[in-house]
Amino acid sequence: MPRKKLIRTNLYYYHITTRSNHKEWFSLPLDKVWLISKNAINKAMKNNPAIISQFVLMSNHYHLLIKTPNKDIDKFMFWFNKTFSDSLRKESGQVNRMFGSSYKWTLIYEYRYLRNVTKYIYQNPLRANIVDKCEDYPYSTLHYLHHHKNLGFKIESLINYDDQFSVPMTLNEINEVRSGLRKTIYKPNSKRNY
């Protein structure tokens, strides 16, 4: 399947995700992977400025909600994933590739969809039964926002966090977001009445 043609913009947010090779868990403790990922974000931002709204690191993948003022998401992602994977390889002693494939992206043109995408990203640890509240997951930008901790890089929160973020999404809501994130431009399935 050919790779979808990149849409370059500085007006809208991209949802980005990448999985580890063979969907295996990272071979380092997650707190170490978190530090490596934050350093990689900082290095990528030095080369290519970006506005990060969310970053959530899971055991074998990450989610990133990002906007690039210079319309260069590909350059930011090159530096981020390269630095991230090189550092993971060096720290773990692995020689194989760290990520299974190139990053996947979806452009979110409409603000009305951002709340559900934001909730979906932050609820990854809830769906994995790791925490009871989104803000308790330490490998998430929400944890740092909620607890007023220094993250090490600047984030621009799009949505005001409230207690509703920890109310689990329904299966229909989850499937709607997943469906929307499979597309080049986010659009949930429309319900047809025949």
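Author: A residue is termed buried when its relative accessible area is under 20%, exposed when it is over 50%, and partly exposed in between (1.4 Å probe, protein chains only). The model is predicted, with local features needing pLDDT of at least 70 and side-chain atom pairs pLDDT 80 or more, whereas totals for chains, interfaces and linings use all residues. Residues are numbered from 1 along each chain as its sequence is written, and side-chain values use heavy atoms, without hydrogens and water.

Reader: Which residues of α6 are buried?

Author: Helix α6 spans residues 171-181; helices (H or I, at least four residues) and strands (E, at least two) are DSSP runs numbered from the N terminus. The residues of α6 that are buried are Ile-174, Val-177, Ser-179, Gly-180 and Leu-181.

Reader: Against which elements do the buried residues of α6 pack?

Author: The packing partners include both strands and helices of the model. Among the strands are β1 (13-19) and β4. The helices in this list are α3 and α4 (124-127).

Reader: At roughly what angle do the axes of α3 and α6 cross?

Author: The two axes, lines fitted to C-alpha atoms over the stretch in contact, come within 10 Å of each other. Because angles of 65 to 115 degrees count as roughly perpendicular, α3 and α6 are described as roughly perpendicular to each other. The crossing angle, on a scale from 0 to 180 degrees between N-to-C directions, is roughly 105°.

Reader: Which residues of α3 and α6 make the contact?

Author: Contact here means heavy atoms within 4.5 Å. On the α6 side, the contact is made by Ile-174, Glu-176, Val-177, Arg-178 and Leu-181; of these, Ile-174, Val-177 and Leu-181 are also buried residues of α6. On the α3 side, the residues are Asn-116, Val-117 and Tyr-120.

Reader: Is Trp-105 buried or exposed?

Author: Trp-105 belongs to strand β4, which covers residues 104-108. Its relative accessibility is 3%, so Trp-105 counts as buried.

Reader: Which residues does Trp-105 contact beyond its neighbours within four places in sequence?

Author: One of these residues is Leu-6, 99 residues away in sequence, with a C-alpha to C-alpha separation of 8.8 Å from Trp-105. Lys-4, Lys-5 and Ile-7 also touch Trp-105, as do Tyr-14, His-15 and Ile-16.

Reader: What value does phi of Lys-71 take?

Author: Lys-71 sits in the loop between β3 (61-67) and α2 (73-92). With 43% relative accessibility, Lys-71 counts as partly exposed. Phi is positive here in a residue other than glycine, with a value near 55°.

Reader: What is the relative accessible area of Asn-129?

Author: Asn-129 is placed in the loop between α4 and α5 (141-146). Although not a glycine, Asn-129 has a positive phi of about 60°. The residue is exposed, and its relative accessible area is 69%.

Technical notes:
Angles under 35 degrees count as roughly parallel, over 145 as roughly antiparallel, 65 to 115 as roughly perpendicular and the rest as oblique.
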